[in-house]
Amino acid sequence: MKWNKFTLKTRSEVEDIVISTLADVGIEGVEIQDKQPLTESDKKQMFVDIMPDIPDDDGIAYLNFYLDVDEDKEKVLADVRAALAEMQEFLDLGECTITESETEDKDWINNWKQYFKQFYVDDILIIPSWEEVKPEDRDKMIIHIDPGTAFGTGMHETTQLCIRQLKKYVTKDTELLDVGTGSGILSIIALKLGARHAVGTDLDPCAVPAVEENKEVNGIPVEAFDMMIGNIIDDKEVQDKVGYEKYDIVTANILADVLVPLTPVIVHQMKPGAVYITSGILDVKEEVVKEAVVAAGLEVVEVTHQGEWVSVTARKPM
């Protein structure tokens, strides 16, 4: 399907209210292009730790929206211009021009799949559902993961560091808590390694369908892996629902700046002797995380590295 692309040039300071106005006239899914740096809150929500250098903010935002080529674009644009004209009476929208172009014929939902290919983490094959398992790989542990457009695939070094630690510590009696579960890959691998049960928490409601789809494709029983949405760091209701002194292993593949406040909270979910596997840590923040782990009363038992990324594994005293 071809799409008509429209680019509205406005001021970055007003992009949110402009997007809201576009939504009021029926336009959703606006793409923002600006030079505003992410806030610390944005980085935590997006699991971004470092950003490349970008040009200085020039105060300009380009808002892209798309219309089906069969849609009455003249009517839609008339509604957009009328709404913007009304706004301009009390708000400076900048240049407020709209340019038009036609996109390539793309499958916008599935286009990302070209970047996700099967790969190995030691003897574990991680493969998307649309690829075939080769005959020579059928005797390996095979994990089917469809991350969708919101979550990682396991290709990142931080996930691989966690997977290798899970291989060392999972037993048939393991109760696992996976904080920031995303696609569910760590919990699913733990269950395939023999863990008894897993609980995942995440801030993003999109994790629920992603996990359900990946459970099904990997043959994980419904009752073996439970999902909860909410912030376990500061939401007492989530903490209570997850449970206390209940887990043999806790995994947290999250940013270092999130691990620091998470660690003193999560120790209460861990059984005595439980293992805490963390990653998402840039090497420059290794000491910060280790200090947080020790301050929470845990003992650092192993630190592993892959590229510039670090995994810190700790244990709760008996």
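A salt bridge is counted where a side-chain nitrogen of Lys or Arg lies within 4 Å of a carboxyl oxygen of Asp or Glu. In the predicted model described here, the structure holds 19 salt bridges. Three of these pairs are described below, after an outline of the chain as a whole.

The chain contains 9 helices and 14 strands. Of its 318 residues, 44% are buried. Contacts between residues at least 6 apart in sequence were also examined, and 69% of them join residues at least 24 apart.

Helix 1 spans residues 15-24, and its buried residues are E15, V18, T21 and L22. Viewed down the axis of helix 1, these buried residues fall within an arc of 120 degrees, so they line one face of the helix. D16 and D24, on the other side of helix 1, are exposed. The packing partners of the buried residues are strand 1 (3-11), strand 2 (31-33), strand 3 (60-68) and helix 3. G26 follows helix 1 and has a positive phi, near 100 degrees.

D79 has a relative accessible area of 32% and is partly exposed.

E286 is buried, its relative accessible area being 13%. K290, at 22% relative accessibility, counts as partly exposed. The cut-off for a buried residue is under 20%, so the value of 13% places E286 among the buried residues, while the value of 22% leaves K290 partly exposed.

The salt bridge between D122 and K167 has its closest N and O atoms 3.6 Å apart. D122 is located in the loop between strand 5 (119-121) and strand 6 (124-127), whereas K167 is in helix 4 (residues 157-169), so the pair ties together parts that are 45 residues apart in sequence. Both partners are partly exposed, D122 with a relative accessible area of 43% and K167 at 31%. The pair also belongs to a network of salt bridges that links D122, D123, R164 and K167.

The backbone at D122 was examined as well. Most residues other than glycine have a negative phi. D122 is not a glycine, yet its phi is positive, at about 60 degrees. A positive phi is also found at E245, a residue other than glycine, where the value is near 45 degrees. Like D122, which is placed in the loop between strand 5 and strand 6, E245 is in a loop, here between helix 7 (236-242) and strand 11 (247-253). E245 is partly exposed, with a relative accessible area of 49%.

Strand pairing is illustrated by strand 9 (residues 197-202) and strand 10 (residues 225-229). These strands pair in the parallel sense over 5 bridges. Within this pairing, D202 stands opposite I229 in strand 10. Together with helix 6 (residues 207-217), strand 9 and strand 10 make a β-α-β unit, which is right-handed.

Cysteines were considered last. A disulfide is a covalent bond between the sulfur atoms of two cysteines. With a cut-off of 2.5 Å between the sulfur atoms, the count comes to 0 disulfides. Accessibility was computed for two cysteines, C96 and C162. C96 is buried, with a relative accessible area of 14%. C162 counts as buried too, at 0% relative accessibility.

How values were computed:
Residues numbered from 1 in each chain as written. Predicted model: local features only at pLDDT ≥ 70, side-chain atom pairs only at ≥ 80, totals over all residues. Heavy atoms only, no water. Buried < 20%, exposed > 50% of the residue type's maximum accessible area, 1.4 Å probe, protein only. Helix = DSSP H or I, 4+ residues; strand = E, 2+ residues; numbered from the N terminus. Arc of directions from axis to C-beta. Contact = heavy atoms within 4.5 Å. Pairing = 2+ DSSP bridges. Right-handed = clockwise from strand over helix to strand, strands pointing away.
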